[in-house]
Amino acid sequence: MKKQYIIANWKMNKTPDEAREYACGLEQYLLKEQTHNTVVLCPPLLLLPTISSVPHTQFSLGVQNFYPADFGSFTGEHSLAMLRSFDTSYAIIGHSERRTLFHEDNSLIAKKLQYAVQNQYAVILCIGESMEEKNSAMTQQCIYKQLHVLSSLPHDVTVPIYIAYEPVWAIGTGVIPQEEEIAQCMYYIKKYAEEHLDNYSETMYTLYGGSVTQDNVASILQVEGVDGVLVGSASLQLQSFIAIIRNSCI
Ligand code: PGA
């Protein structure tokens, strides 16, 4: 059975106590049930000291944000050199909330991408069109524009790159694209990567994100080209995330 990637993005949620309880429960579940899929938690940075201090042999940790420099006068920011101490090895870049709420543009996203790759972090690069772009048949154009940041990488990049197709209109709305639409975008992404990365078939994976739940995860994972899912709200309750992990093995 193909290995899938099940990645939780907690966004700005949970206290340290809640995070500890969740991480312990997840570890216990995974020790008992064993999954061949890879499970990754991306909590807020503040929770990393707590989570990384409890046993986490069955899942990996990732960051939702970082600044692309080792240290310096960047008030309020954190570098991967700091975050590495908390056992993190994945980094989300280009999430639509960072693009829209924090005005991150493709030039900053390209810098973050290069910096994460130099630091040997597995990158989770989020891309996806708005409803307006979808309605104007601009999905492919929007995706290719966002994927352009890949050209800032050396062609022979060896760290894993996960491209998460997350249509903005599907995030937190309960609405998901048709399976054919997801398959079409997975194809666009693979085609683009094929032209820009030498080892894309070994280093690149494509994920779907946006309103993934325990009820739709199995069918999403069966869509041609999908290697995993990025889960927001449905990852916040441990039982619901466990149900997603369980259903990802069907
Ligand atoms: P959602 O969020 O699962 O709550 O739609 C996904 C995401 O923003 O990564």
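Trainee: What makes Leu61, Phe86 and Asp87 contacts of Ser52 in this predicted model?

Mentor: Contact asks for heavy atoms within 4.5 Å. Ser52 touches Leu61, Phe86 and Asp87 on that basis, once residues up to four places away in sequence are set aside.

Trainee: And where does Ser52 sit?

Mentor: Ser52 belongs to helix 2, which covers residues 48-53.

Trainee: Let's move to Gln4. Why is Gln4 called buried?

Mentor: Buried means under 20% relative accessible area. Gln4 has 7% relative accessibility, so it counts as buried.

Trainee: What does Gln4 touch, leaving aside its neighbours within four places in sequence?

Mentor: Gln4, in the segment before strand 1 (5-9), is in contact with Asn37, Thr38, Leu221, Val226, Asp227 and Gly228. With Gly228 there's a polar pair too: the backbone nitrogen of Gly228 is 3.3 Å from a polar atom of the Gln4 side chain, and the limit is 3.5 Å.

Trainee: Is Ala110 buried or exposed, and how do you know?

Mentor: Use the cut-off again: under 20% is buried. Ala110 comes out at 14% relative accessible area, so it is buried. You'll find Ala110 in helix 5, residues 106-118.

Trainee: Which residues does Ala110 touch beyond four places in sequence?

Mentor: Ala110 touches Val149 and Ser152. As for Leu150, 40 residues away along the chain, its C-alpha atom is 7.4 Å from that of Ala110.

Trainee: Now the whole protein. Why does its radius of gyration agree with a compact globule?

Mentor: For 250 residues, a compact globule would have a radius of gyration near 18 Å, and the protein has 17 Å, so the two agree. The C-alpha trace spans about 45 × 45 × 35 Å along its principal axes.

Trainee: How many of the 250 residues are buried, as a percentage?

Mentor: Buried residues make up 53% of the 250. Among contacts with a separation of 6 or more, 73% join residues 24 or more positions apart.

Trainee: What is the make-up in helices, strands and charges?

Mentor: There are 11 helices and eight strands. The protein carries 16 positive and 26 negative side chains, and the centres of the two sets are 3 Å apart.

Technical notes
Residues numbered from 1 in each chain as written. Predicted model: local features only at pLDDT ≥ 70, side-chain atom pairs only at ≥ 80, totals over all residues. Heavy atoms only, no water. Helix = DSSP H or I, 4+ residues; strand = E, 2+ residues; numbered from the N terminus. Rg over C-alpha atoms; globule rule 2.2 N^0.38 Å. Buried < 20%, exposed > 50% of the residue type's maximum accessible area, 1.4 Å probe, protein only. Lys, Arg positive; Asp, Glu negative; His and termini not counted. Charge placed at Lys NZ, Arg CZ, Asp CG, Glu CD. Polar contact = N/O pair within 3.5 Å; in protein donor to acceptor, adjacent residues only side chain to side chain.
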